[in-house]
Amino acid sequence: MSEPRTVGFIGHSGSGKTTLATEVTALLTKKGRRVAAVKNAHCGFELDKPGKDTYRYKEKGAREVIVRTDDRWALMVESETKPEIDHLLTYFSQADCIIVEGFKNEGNFPKIEVRRAGVSDNFPLLFLTNADVVALATDDLTGDVAQEAQARGLTLLDINDPQAVATFIDDKDS
């Protein structure tokens, strides 16, 4: 199998990254792509629940626990250090497209900056300092930010048109 196409969605909180990335995931899947996803969580989270068998293994010191059912499995890993995105991407063996959400300054793969007018206005433009940004998805296609992005050679995408974003990703893959 060839190397999967990896595309990142980056932006500030509330910009619409998750909404756009999940819609694009659905569209790419519908086209027959085998899509995987990596989501960067800024806050601590717990997938396991106290009292569950897998939690008990973790409590007793297991560093890695795999849980399996007939149609799904999950690997939970305890780590002293935050794993690099490049390491996390090695876990995917069945994908031909990987959607990465977050990881603004990690990984060397194309990224789409997501900005929503009124929400992202007070945050810095990520494409000014991140050479991996290849496109800007926004709901203000004629404003100063969009003009600046185009002047820098970025592709301008409508945040409200996930089909166009999915097509952009597919066309980049060709």
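User: Over which ring does the charged end of Lys111 sit?

Analyst: Please note that this model is predicted. A charge counts as sitting over a ring if NZ of Lys or CZ of Arg is within 6 Å of the ring centre and within 35 degrees of the ring normal. Here the ring is that of Phe109, and the charged end of Lys111 sits 4.3 Å from its centre.

User: How many aromatic pairs does a search of the whole structure find?

Analyst: The search finds 0 aromatic pairs.

User: How should I read Ser15: where does it lie, and is it buried or exposed?

Analyst: Residues under 20% relative accessible area are called buried. Ser15 counts as buried because its relative accessibility is 0%. Ser15 belongs to the loop between strand E1 (5-10) and helix H1 (17-30).

User: Which backbone oxygens does the side chain of Ser15 reach?

Analyst: A polar atom of the Ser15 side chain lies 2.8 Å from the backbone oxygen of His12. The side chain of Ser15 also reaches the backbone oxygen of Val114, at 3.4 Å.

User: How many cavities of 30 Å³ or more are found, and which elements give two or more residues to the lining of the largest cavity?

Analyst: The search of the whole structure finds 1 cavity of 30 Å³ or more. The largest cavity holds about 40 Å³ of space. Helix H2 (53-59), strand E3 (64-68) and strand E4 (73-77) each give two or more residues to its lining.

Definitions and conventions. Residues numbered from 1 in each chain as written. Predicted model: local features only at pLDDT ≥ 70, side-chain atom pairs only at ≥ 80, totals over all residues. Heavy atoms only, no water. Phe/Tyr/Trp six-rings, centres within 6.5 Å; stacked < 30°, edge-to-face > 60°. 1 Å grid on protein atoms, 1.4 Å probe; cavity = no way out; pocket = protein on both sides within 12 Å on 5 of 7 lines; lining within 4 Å. Points joined across faces, edges and corners; volume = space filled by probe spheres on them. Helix = DSSP H or I, 4+ residues; strand = E, 2+ residues; numbered from the N terminus. Buried < 20%, exposed > 50% of the residue type's maximum accessible area, 1.4 Å probe, protein only. Polar contact = N/O pair within 3.5 Å; in protein donor to acceptor, adjacent residues only side chain to side chain.
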